[in-house]
Amino acid sequence: MQHDATVLALDTAMGNCSAAVLRGGNAPRVLASRAEAMARGHAEALMPMIEQAMDEAGLAFADLDRIAATTGPGSFTGVRIAIAAARGLALATGAELWGTDALSVMAKRAAKEALNGDADFAIAVDAKRERLYFGVFDAEAARQSGPQIVSPADALGLLPASVTRVLGSGAEMLRAEAGKEGRQLDALAPDLQPDAVSLGLLALQGGDAMPNLRPLYLRPPDAKPQTGKSVARK
Amino acid sequence: MAMDKPQLTVLGIETSCDETAASVVVRDEEGRGHVLSNIVRSQLDLHRRYGGVVPEIAARAHVELLDAAIAQALEEAGVSLSDLDGIAVTAGPGLIGGLIVGLTTGKALALASRLPFIAVNHLEAHALTARLTDGVPFPYLLLLVSGGHTQLLVAEGVGRYSRLGTTLDDALGEAFDKAAKLLGLDYPGGPEVEKLAAQGTDSIPLPRPMLGRTEPHFSLAGLKTAVRHAALQREPLDAQTAADLCASFQEAVAEVVQDRTRRAMGLYLDRVGEDAPRNLVVAGGVAANQRLRSALQTLCDAEGFGLFTPPLALCSDNGAMIAWAGLERLAAGLTDDMHAPARARWPLDPEATPALGAGVKA
């Protein structure tokens, strides 16, 4: 990314809907941002948020160098909203596309808000059906492993012995699992969500453009091949 | 009628089911439509093994295919976004995951290009297609027959529809697909049933549900069950019996559609008056069925109605009809803002009272 690049970041992956405009440089600045906690309704909320954030930043869409979206995991419909918006905006403006996973965005936010106690940590999000979205990060929120979808027991096996802090809605599940083996973990920040400002900061540091920015689902669609309902034929 | 409106160009986006589609259409000064490009990326291969459209698979495909389809539609039309006068997108009814992808993409294009945004009702787009292809004037009688809808409506103007009849249970296209599934035919079943019917004869007695009823409603579930019973009685089916079943099923459907539409013609004239134009427009994927077309032609000839069936490419889901509906709305000064929601259900006539005994799909 060029030194003073301007980024529009969009996050609709989980329980938050947010848009932020940032400009890079030695001290990256947030020019404008909008965020609202919501379990559903991201599709109606996102575009007005983008409109307001761009107005407040006093920028035209042509001023954007990069458009970023959180790729997931998260709600299937949710991750598609930010990505569809980003791809549409990129088609109209020629800005480059970029994205990263939701756990990296959450980790960046955790480090920014000093929730990880300046130590290595893990993010565990309750993915329902006894599964976690799981990733391990160093003290500066650089990803060490993940994201992946695993059972609490498997997540525990993947957790380095040095890591004692787990953040996110699935942290308690992992702490309980560790307790069965007599291992002590701290479950923190159960309400931690990804957000567009943290994504924007990563997008300003981030590497190459991703012209084919696509969702990261980690789960196949629920669909079973058709079983025979036809009558017998000769 | 001279409209004295400037020429308008609109991009249409359609993602309500399993076609990812984008198209550029021009409406000239006289109000005539010209399709400059019409890109349809079918997802048939993705859904075939499931015997029907899987909503999540469809939504996943839409988000990966749509921007390239739009870029291709613009390129083939030889226009750029700055040449457009608006962006029209299907906002419903349909599968919500796909609708959200199309709607979000379209809003993003409109916002970044500072163009008017038009949220289009997919059913209205089907309803208006005959005005794109044949310039049919309002009012007209509309028979909408697709995999998800079976309705008879009076089209009175842009945004103004009165429902005369609907299905109490399955849609017509759904009945074709289920008959095909029963016989182990390829997906999608409608065209396969028609192909096989051509090799059979109408020799197996099947019911004609709703025939002669006062209100022009449909009911297809009983017919579907009758086909199943007839098939099970003859199990295992040889090729000729399967073809005869298809022919008999198609005849039953044609007769029912003819009868229900005849009844709707009477109600149409009651509503619009004897001096109003007498035109029947057939829209939706099932309008591709040739037997149905010939049955309706016979009816129209007998009743003094003109019959308009858009070409096949514009009967099934496509972006051109969305662009055209957007053009008609734009020309009428109807646009939407960035809050416009995706709507899984969105009846053309919200005032219509539910048909007695109708299920949720009616």
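How many bridges join strand β6 (residues 140–145) of chain B to β7(B), and do the two strands run parallel or antiparallel? In this predicted model, 6 bridges join them, and the strands run antiparallel. Helices (H or I, at least four residues) and strands (E, at least two) are DSSP runs, numbered from the N terminus, and two strands pair if DSSP finds at least two bridges between them. Residues are numbered from 1 along each chain as its sequence is written, while chains are lettered from A and ligands numbered from 1 in the order in which they are written. Because the model is predicted, local features need pLDDT of at least 70 and side-chain atom pairs count only at pLDDT 80 or more, whereas totals for chains, interfaces and linings use all residues; side-chain values use heavy atoms, with hydrogens and water left out.

In chain B, β6(B) and β7(B) form a hairpin with 4 residues between them. Within this pair, Leu144(B) has Gln151(B) of β7(B) as its bridge partner. Strand β7 (residues 150–157) of chain B is also joined by 6 bridges to β8(B), and these two strands run antiparallel. They form a hairpin with 2 residues between them, and Gly159(B) in the turn has a positive phi of about 80°. Gly157(B) is bridged to Arg160(B) in β8(B), and Leu153(B) has Arg163(B) in β8(B) as its bridge partner.

In β7(B), 7 of the 8 residues are buried, so the strand is largely enclosed by the rest of the structure. For strand β8 (residues 160–166) of chain B, 6 of the 7 residues are buried, so β8(B) is likewise largely enclosed by the rest of the structure.

In chain A, 5 strands form an open sheet with mixed pairing, in the order β3-β2-β1-β4-β5. The edge strands, each pairing on one side only, are β3 (29–37) and β5 (96–100) of chain A. From one strand to the next, the twist averages 15°. Strand β1 (residues 6–11) of chain A and strand β4 (residues 66–70) of chain A run parallel and are joined by 4 bridges; Leu8(A) has Ile67(A) of β4(A) as its bridge partner. Helix α2(A) packs on the sheet, touching β1, β4 and β5 of chain A, and its direction makes about 170° with that of β4(A). Here axes are lines fitted to C-alpha atoms, for helices over the stretch in contact, and angles run from 0 to 180 degrees between N-to-C directions. Helix α1(A) lies across β1, β2 (16–23) and β3 of chain A, running at about 25° to β2(A).

The axes of helix α1 (residues 42–57) of chain A and helix α2 (residues 76–93) of chain A come within 10 Å and cross at roughly 40°. The two helices are therefore oblique to each other (angles under 35 degrees count as roughly parallel, over 145 as roughly antiparallel, 65 to 115 as roughly perpendicular and the rest as oblique). Contact means heavy atoms within 4.5 Å. His42(A), Ala43(A), Leu46(A), Met47(A) and Ile50(A) in α1(A) meet Ile81(A), Ala82(A), Ala85(A) and Leu89(A) in α2(A).

Thr100(A) lies in strand β5 of chain A. At 13% relative accessibility, Thr100(A) counts as buried. Leaving aside neighbours within four places in sequence, the contacts of Thr100(A) include Ala69(A), Thr70(A) and Arg143(A).

Methods. Buried means under 20% relative accessible area, exposed over 50%, partly exposed in between (1.4 Å probe, protein chains only).
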